[in-house]
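This briefing covers the contact between two protein chains.

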Amino acid sequence: MATQETEIRELMKRREYGAGFVTAIESETVPPGLSEDVIRLISAKKGEPEWLLEFRLKAYRRWLKMTAPQWAHVQYPPIDFQAISYYSQPKSHKAGPKSLDEVDPKLLETYKKLGIPLREQEMLAGVAVDVVFDSVSVATTFKKKLAEAGVIFCPISEAVQEHPELVRKYLGSVVPFGDNYYAALNTAVFTDGSFVFIPRGVRCPMELSTYFRINERNTGQFERTLIIAEEGSQVSYLEGCTAPQRDENQLHAAVVELVALDDAQIKYSTVQNWYPGDEQGRGGIYNFVTKRGDCRGARSKISWTQVETGSAITWKYPSCILRGDDSVGEFYSVALTNNRQQADTGTKMIHVGKNTRSTIVSKGISAGQGQQSYRGLVRVLETAANARNYTQCDSLLIGDRCGAHTFPYTEVRNPTAQLEHEATTSKIGEDQLYYCRARGISEEEAVSMIVNGFCKEVFKELPMEFAVEAGKLLAVSLEGAVG
Amino acid sequence: MSAAYQQAFERFSGTLDRGDRDRRQARFERFAGAGFPGPHEERWRYTDISGLAAREFALPAAADIDLGETLLAGCDHLVYVNGYLDRTRSTAAALHGVAAAEGPDDDGIAALNAAFDGGGLQLRLASGETLPRPLNVVAAIAAPSAPGMVHQRHRIELGENSQATVVFQFAGRGGERLATQRVEIRLAPGARLMLYRVEDEAAGGTLLSTIQASLARASTLRAVTVDCGGGLARHDFNIALDGAGAEAALAGLYRPQAGGHVDNHAQVVHAAPHCRSRMLFRGIVDARTRAVLNGRVVVQPGAQKTDSEQRIANLLLSPRAEVDAKPELEIYADDVKCAHGATVGRIDETALGYLRSRGIDAGQARALLLRAFAGEVLARIGLPALRAALNARLGFPAEEPIEP
Amino acid sequence: MLEIKNLHARVEGKDILKGLDFSVGAGQVHAIMGPNGSGKSTLAHVLAGREGYEVTEGSVRFDGQDLLALPPEERACLGVFLGFQYPVEIPGVSNLTLLKAALNARRKRNGQPEIDPADFLAWVRDRAKLVKIDPKMLSRGVNEGFSGGEKKRNEILQMLVLEPRLMILDETDSGLDIDALKIVSDGINAMRSPQRATLLVTHYQRLLDYVQPDRVHVLARGHIVRSGGPELARELEARGYGWLEAA
């Protein structure tokens, strides 16, 4: 029986990272280092208005006084922020392409390899895609069709130019510039990201999607996403992330802000497959992300779904502030850590309004020497009469050298609140594998079947086509796990 | 740090012999250096005692007080008032002693306790020995005229296959005060300890207690803790399952009185395979009180076949009360069964309505339901005298006799 | 079809099977009977290929092929089916998922395309009727929350769906009430054919009232102590195992 465990370990080791290639494209990259001058340079390159530059500088000055958070259950050497380049764009990308025909063919090829064929996508899938390559957005599809519905979907740098009043009103209104160390850094240096605005009463006619790609060496990616759903509107948004295989660590520190007004619904899904580093833990992305949704309006709803399989270190807590009465927050998460990956992820549900409800379902899979922590906070304020929360966090362990940890914080100040938290830990049982094999199913397929079964409650929250993708991603991550 | 701590230490250590004084001096210096933990420390996130540093406490004089129901029938007693052994009421005075603190201090509080330790229970059982009667250790503190502090350290060492039942009752009687109580437990293979810890600290008082237990192979620790005071109480329960097949079952009930703040930090470390741990905590949190419960189970590498469960349930009964619960798991082995659950809610309105429809008035119905909720924990108390005393202290209706 | 020669097996360092010899021909039903701890279940798991069950001597051939050299899944794809005494629960993985994966594994091995989803559903529904399993139960996790009797019927359903050629049923009758026993027996009988063979591992004669065996082998302390026709089972029922074990 010990042999089976060894085999599972072997299998986990051999996982392949399919998105690890580098695109040979000439880039214009600002030399490494961070200073007020670099921030002025980024701002100038983007032709930003004065208020935005001031916003950046304010954040930078705050950041200088802050220290990196130590509380997460992850270990890594201190990051040298002066060794990172804060801006990189493909040279071919000058004023910004007006249509896909103007996009560098090498870029199109890159996305095709990643399974995001921009042209075909436009033809077939009915998904509008914004593509961010290193620091800049290189293509956004379906703009016209969306515009007809009144939906704005564009790079945030473009939104700053075209819709400054909206950006100024909402940027930093959910995640304040000094919220935390990495959010402050992002605010100072963010380069691009997506901007979504769904006007009152509009149900966005298609899925919106952004693919993030880090290509250049020694660059950090600091994207900023802002989604605003006005009264009664609805939108479903998905982001995907990949990066080349490199020996050094790269920093990704994004900020995502969601605002849902009365009766609005935002569904935000992430399939995160940044390069995880190799077996020995060399290389890989540091994924330090602040994501927060503000259910500002009554009966609004924000739902986070994430499938996290990549990154050397993940540090993210997509959260909901349930301010509006009867608002709803959801967090569905699958996180896989293998080899030397570490993840400290979870959510915060802050109940402010009356009759607010939240659901948390977290599924953690640890294999190899992966370390995984669920960290969640459910806070019910005095004002949140009849608040409800249900939390379930389950861990699945593969092999005896990994770790699975749970840190659920519950803070309740209202006697009408009802909270329930359940957690279980299990391993893939040898008897389960034997049972499947006795039915003719290979061990590898059995592992994948059991893991997918374990994640089912989360996958069903993903948009259909991405659920399939997520299942495949897990299967790939487990490929060769048993021999 | 106020100068009062230094003054109190000088006065206290002046009475000691040279060697003891030097040892304690080192501990005191460690305390002076480390101070009290602050709310920025994760473990003290919900309980802020940093204000203690500025307070001026002195060691109180001996006093005499009515011990009421704490002198449990059927037990041997070891009674302390204001930290002094009360020989007249102690039937087991021979078990009193002072043992030099061993090892480094975990934090400033432990150092403070070691510096001022006035002694306590020193229970050592030889292999195969069984303590004939439960031992009732009472630490009572009279209302002092000036802010006072009491520090005690107890030790229980059970030899192979020996057995004992020990009750620790802490009763504070009002006034400004700081007390630290530390219990160190070592169980040899096969030893069994039943431990009860009752805290009834009055408003104005602060009790910081620590129970450290190390369990060797196949030994068992069963513990029931009850908090029913109105002061600030912080309890750290650190259990290490060091030998294969060791078992720890910890049950706790907290119902702080108005103004009370109770913080239980219970940690079980599975350091060996085939160990079992259970934690069951229930809280009734009413007007102007705050209850904190941090359960933590750590499964170290190699501790396969760990079987652990944490269950935390809270009833939050007032808009001016707060519950903070944090059931943590840290797992570094794969063949383990670790479940945990935590709930916060209110009294079941349907059940309340049902009882009232049977003619029971609302107050009585509520009390019965609360007693039933607390019963999960209280039922684990094997000493009838203690169970009855706590039932009354917690304001529950008396238990019905089983025979009509 | 199945030839077992001088089979010795060891589990956790203990010798359990100490030299078994018997053959099951196509179309035949053999019963393996014996008291608890005699090695019956060990034999079933050795045939299915459970890890940790070490064969120290002897051979097992299935259609002339060395069965012991194959991993469990390949044995299953060849047509060996083990009905478990204690069917395993696999939360999150539905019965349908398991059945489909198992069927397709077989088809893949035979160079056939994957089964059409509609055909698959129709086939499973049809089979489920035979063992009176509500099709709704099939979308639940494998054996998750099933009663003891439901688990056993589910084993028979899997057998009916997968249509194996060698059926090894390990104490499938234990813990069943009379109605369930009839359903299970009907399922087994429905599978009897000149191309198939069945090995019934059982403690009691009860099942054999419904499924008539061709041969009965009595296993005690790792040896076959007696073989005979169906009448041997009835004799065991009347006299118990004591007289054989003593022999």
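The count between chain B and chain A is 4 salt bridges. The model is a predicted one. The two chains bury about 2,800 Å² between them, and the contact draws 34 residues from chain B and 34 residues from chain A.

**Extent of the interface**
- Carbon and sulfur atoms account for 47% of the area that chain B and chain A bury between them.
- On the chain B side, B:D334, B:V344 and B:R346 lose the most area to chain A, and together they make up 22% of what that side buries.

**Salt bridges and polar contacts**
- One of the 4 salt bridges between chain B and chain A pairs B:D334 with A:K427, where the closest N and O atoms are 4.0 Å apart.
- B:D334 is also among the three residues of chain B that lose the most area to chain A.
- Between chain B and chain A, 18 residue pairs are in polar contact, counting pairs with both residues at pLDDT 80 or more.

**Make-up of the chain B side**
- Three elements of chain B each give two or more residues to the side touching chain A: β17 (307–316), β18 (322–331) and β19 (337–345).
- The largest share comes from β18(B), with 10 residues.
- By type, the residues on this side of chain B divide into 17 nonpolar, 6 polar and 11 charged.

**Strand pairing across the chains**
- Strand β23 (residues 418–427) of chain A runs antiparallel to β19(B), and 5 bridges join the two.
- Within this pairing, A:A423 has B:H340 of β19(B) as its bridge partner.

Note on methods. Residues numbered from 1 in each chain as written. Chains lettered and ligands numbered in written order. Predicted model: local features only at pLDDT ≥ 70, side-chain atom pairs only at ≥ 80, totals over all residues. Heavy atoms only, no water. Contact = heavy atoms within 4.5 Å. Buried area = accessible area lost by both parts, 1.4 Å probe. Salt bridge = Lys/Arg side-chain N within 4 Å of Asp/Glu carboxyl O. Polar contact = N/O pair within 3.5 Å; in protein donor to acceptor, adjacent residues only side chain to side chain. Helix = DSSP H or I, 4+ residues; strand = E, 2+ residues; numbered from the N terminus. Nonpolar A, V, L, I, M, F, W, Y, C, P; charged D, E, K, R; others polar. Pairing = 2+ DSSP bridges.
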